[in-house]
Amino acid sequence: MAKKTPAKWTRKHLLGLEDLSAGEITHLLNAAEKFLPYATGRKAAPQRLKGRTVLNLFCEDSTRTRTSFTLAAERLGARVIQFHAATSSLKKNETLLDTARNIEAMGLDAIIIRHADRGAPHALAQAVACAVLNAGDNAHEHPTQALLDLLAMRHRLGRLDGLMVGIVGDIRHSRVARSNLYGLKKLGSRAIFVGPPLFLEGLDDIRTPFEKSTDLDAALPQCDAVMMLRVQFERHERNVPSGGVALNLENYKRGYQLTAKRLARAKPGAIVLHPGPINRGLEITDEVADGPASAILHQVTCGVAVRMATLSLCIGALDHQHKAARPKTRSSKRGRTS
Ligand code: CP
């Protein structure tokens with residue numbers, strides 16, 4: 001099994017979980033745990049990012065991730081610039097990279113990017129000098145979402161190894177499913193993707209082996225946690241140009257909606273997760289979303305702590321890089337040789 005001893009964090013970018021080691025993920029989770037007392041803002045957080053500037057470069061809609069990164073950065077003392085794609089010069093054909101470079105020229109420590117194109121955060125990380133954090137790129141990765149899911153599971157279930165997590169629904173279009181698979185497997189747990197055949201197609205980009213099932217009722221008895229995914233109607237046309245995904249909603253509910261009766265089939269003490277936003281009454285009933293097994297709002301609170309940790313660590317790595325690149329002064333050279 002992969003080594004889970006926390007590993008030193010040296011990256012100025014957080015682009016995904018696929019490339020991280022188990023030790024790095026554990027380090028991020030442990031750091032987030034320490035920020036949890038400050039996550040609701042009721043206790044003043046240490047001003048680790050005082051004087052820093054962070055850009056929220058969101059080119060896709062968001063409620064939780066944008067708000068969570070904003071609160072995390074501001075509570076640590078940073079100034080946050082909100083970029084709104086719909087009223088920006090992207091509308092006048094400026095490229096994403098020119099946009100980012102121009103704003104960086106005004107002074108930035110980190111860019112948080114959400115974009116509809118897979119790999120956009122990676123291209124941005126090549127083009128700018130500041131830290132880059134991926135807030136979701138198409139159906140590729142959403143690393144801070146998976147980290148907050150892992151933190152919520154660790155809290156509610158007491159561990160992150162030896163778990164079986166059912167990830168249910170629109171896997172095909174889900175960056176959350178992918179990032180969770182990478183994180184869970186590295187930490188010694190299992191993930192089973194569950195959904196109708198059309199949502200279990202188009203997963204060829206995933207290089208990590210995964211389990212899958214089209215039978216939710218059969219999969220549930222082995223699950224310690226059930227992560228319900230939103231049906232991403234807005235991506236069906238875009239990602240499946242050959243006519244999109246034709247989903248019969250009544251059949252979908254019959255086979256895959258998480259009801260209280262269904263949830264009773266999962267392991268005793270199983271928890272329910274959902275990254276949001278929820279299609280209430282489609283993938284999950286109100287009774288389950290708001291019921292005692294639901295960890296959905298706890299996930300959101302964990303998200304602020306995760307974003308405090310990832311921003312602090314990535315900007316810390318950036319500072320370290322700047323320091324290492326500075327020419328040595330005569331006195332520091334003398335100090336080294338004496
Ligand atoms: N979970 C998540 O990414 O939610 P938002 O789209 O509201 O940011």
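Student: Which side chain of opposite charge is nearest to arginine 307, and how far away is it?

Tutor: Keep in mind that this model is predicted. Arginine 307 sits in helix 12, residues 296–325. It is buried and has no salt bridge, a label that needs a nitrogen–oxygen pair within 4 Å. The nearest side chain of opposite charge is aspartate 149, at 8.1 Å.

Student: Which side chain makes a polar contact with the side chain of arginine 307?

Tutor: Look through the contacts of arginine 307 beyond four places in sequence. They include Arg64, Thr65, His142, Thr144 and Gln145. The polar contact, at 3.0 Å, is with the side chain of threonine 144.

Student: Which residues surround the ligand, and how much of its area does the protein bury?

Tutor: Around the ligand are Ser62, Thr63, Arg64, Thr65, Arg114, His142, Gln145, Pro275 and Gly276. A ligand oxygen is 2.9 Å from a side-chain N or O atom of histidine 142. A ligand nitrogen is 2.8 Å from a polar backbone atom of proline 275. Taken alone, the ligand exposes 260 Å², and the share of that buried by the protein is 92%.

Student: Back to charges. Which side chain is joined to that of aspartate 170 by a polar contact?

Tutor: Aspartate 170 lies in the loop between strand 5 and helix 6. It is buried without a salt bridge, and arginine 172, the nearest side chain of opposite charge, is 6.6 Å away. The polar contact spans 2.7 Å, and the partner is histidine 173.

Notes:
Residues numbered from 1 in each chain as written. Predicted model: local features only at pLDDT ≥ 70, side-chain atom pairs only at ≥ 80, totals over all residues. Heavy atoms only, no water. Helix = DSSP H or I, 4+ residues; strand = E, 2+ residues; numbered from the N terminus. Buried < 20%, exposed > 50% of the residue type's maximum accessible area, 1.4 Å probe, protein only. Lys, Arg positive; Asp, Glu negative; His and termini not counted. Polar contact = N/O pair within 3.5 Å; in protein donor to acceptor, adjacent residues only side chain to side chain. Near = heavy atom within 4 Å. Areas by Shrake-Rupley, 256 points an atom, 1.4 Å probe, with all protein chains shown as cover. Contact = heavy atoms within 4.5 Å.
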